[in-house]
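Work through the exercises below with the sequence and the model at hand. Each task is followed by its solution in steps.

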Amino acid sequence: AEYMGTHKGNMGGYELRVKGLRGGHSGVNIHEGRANAIKLVTRTLQALMTDTKTTHAMSVCGVRGGDKDNAIPRECSAYVLVEESAVAAVQEVVSAQRALFQKEYGKMEPNMLVELVKTEQALTPLDAPSTHRLLTIASGPA
């Protein structure tokens with residue numbers, strides 16, 4: 001799949017955030033069905049990269065989350081550049097993913113927050129092969 005847009009318009013930097021999850025120890029709580037913030041961010045990025053309204057209007061710049069090897073990640077952020085003309089479409093996809101995640105994890109993760117916020121952080125887009133590798137690795141096993 002092609003993950004880089006042609007970017008005809010002005011680009012703005014955004015942070016896609018998942019936070020407020022319960023987390024937990026991967027050896028103790030893994031069987032409880034708790035959400036993994038890295039996987040939720042990755043699923044949202046994959047949805048954005050396959051949606052016809054957003055796939056050519058954004059670039060992934062990086063992902064940050066999961067600071068412990070033996071813990072279920074509570075929070076994760078992805079940094080993306082989005083054409084200003086496509087921000088509403090990106091927000092729609094993020095909202096749809098939020099609703100999906102709330103349906104899947106709502107009882108287990110009542111404080112889950114999934115949002116897209118503007119950032120002033122300087123961002124550099126990954127190239128298409130690097131984006132593909134990142135999303136493949138971050139999605140991990142089912």
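## Exercise 1: Helices H1 and H3

The crossing of H1 and H3 is left-handed. A crossing is called left-handed if the near helix is turned anticlockwise from the far one by less than a right angle, and right-handed if clockwise. This is a predicted model, in which local features need pLDDT of at least 70 and side-chain atom pairs count only at pLDDT 80 or more, while totals for chains, interfaces and linings use all residues. Residues are numbered from 1 along each chain as its sequence is written, and side-chain values use heavy atoms, with hydrogens and water left out.

Task: describe the geometry and the residues of the contact of H1 with H3.

Solution. 
- Step 1. Helices (H or I, at least four residues) and strands (E, at least two) are DSSP runs, numbered from the N terminus.
- Step 2. The axes of H1 (residues 37–50) and H3 (residues 128–139) cross at roughly 140° and come within 9 Å. Axes are lines fitted to C-alpha atoms, for helices over the stretch in contact, and angles run from 0 to 180 degrees between N-to-C directions.
- Step 3. That angle makes H1 oblique to H3; angles under 35 degrees count as roughly parallel, over 145 as roughly antiparallel, 65 to 115 as roughly perpendicular and the rest as oblique.
- Step 4. H1 contributes Ile38, Lys39, Thr42, Leu45, Gln46 and Met49, and H3 contributes Leu135, Ala138 and Ser139. Contact means heavy atoms within 4.5 Å.
- Step 5. These residues divide into 5 nonpolar, 3 polar and 1 charged. Ala, Val, Leu, Ile, Met, Phe, Trp, Tyr, Cys and Pro count as nonpolar, Asp, Glu, Lys and Arg as charged, and the others, Gly among them, as polar.

## Exercise 2: Helices H1 and H2

Task: which residues in H1 meet which residues in H2?

Solution. 
- Step 1. The axes of H1 and H2 (residues 87–105) come within 10 Å and cross at roughly 140°. The two helices are therefore oblique to each other, and their crossing is right-handed.
- Step 2. From H1, Leu40, Arg43, Thr44, Ala47 and Leu48 meet Val90, Val93, Val94, Gln97, Leu100, Phe101, Glu104 and Tyr105 in H2.
- Step 3. By class, the residues of this contact are 9 nonpolar, 2 polar and 2 charged.
- Step 4. Take alanine 47, in H1. Beyond its neighbours within four places in sequence, alanine 47 is in contact with Val93 and Gln97.

Task: is glutamine 97 buried or exposed?

Solution. 
- Step 1. Glutamine 97 lies in H2 and has a relative accessible area of 12%.
- Step 2. Glutamine 97 is therefore buried (under 20% relative accessible area; exposed is over 50%, partly exposed in between; 1.4 Å probe, protein chains only).
- Step 3. Outside four places in sequence, glutamine 97 is in contact with Arg43, Thr44 and Ala47.

## Exercise 3: The sheet

Task: in what order do the 4 strands of the open sheet stand?

Solution. 
- Step 1. The order is E3-E5-E1-E6, with antiparallel pairing; two strands pair if DSSP finds at least two bridges between them.
- Step 2. E3 (58–65) and E6 (113–118) are at the edges with a single partner strand each, so one side of each has no neighbour in the sheet.
- Step 3. E3 is joined to E5 (residues 76–83) by 7 bridges, and glycine 62 stands opposite tyrosine 79 in E5.
- Step 4. H1 lies across E1 (11–19), E3 and E5, and runs at about 175° to E3.
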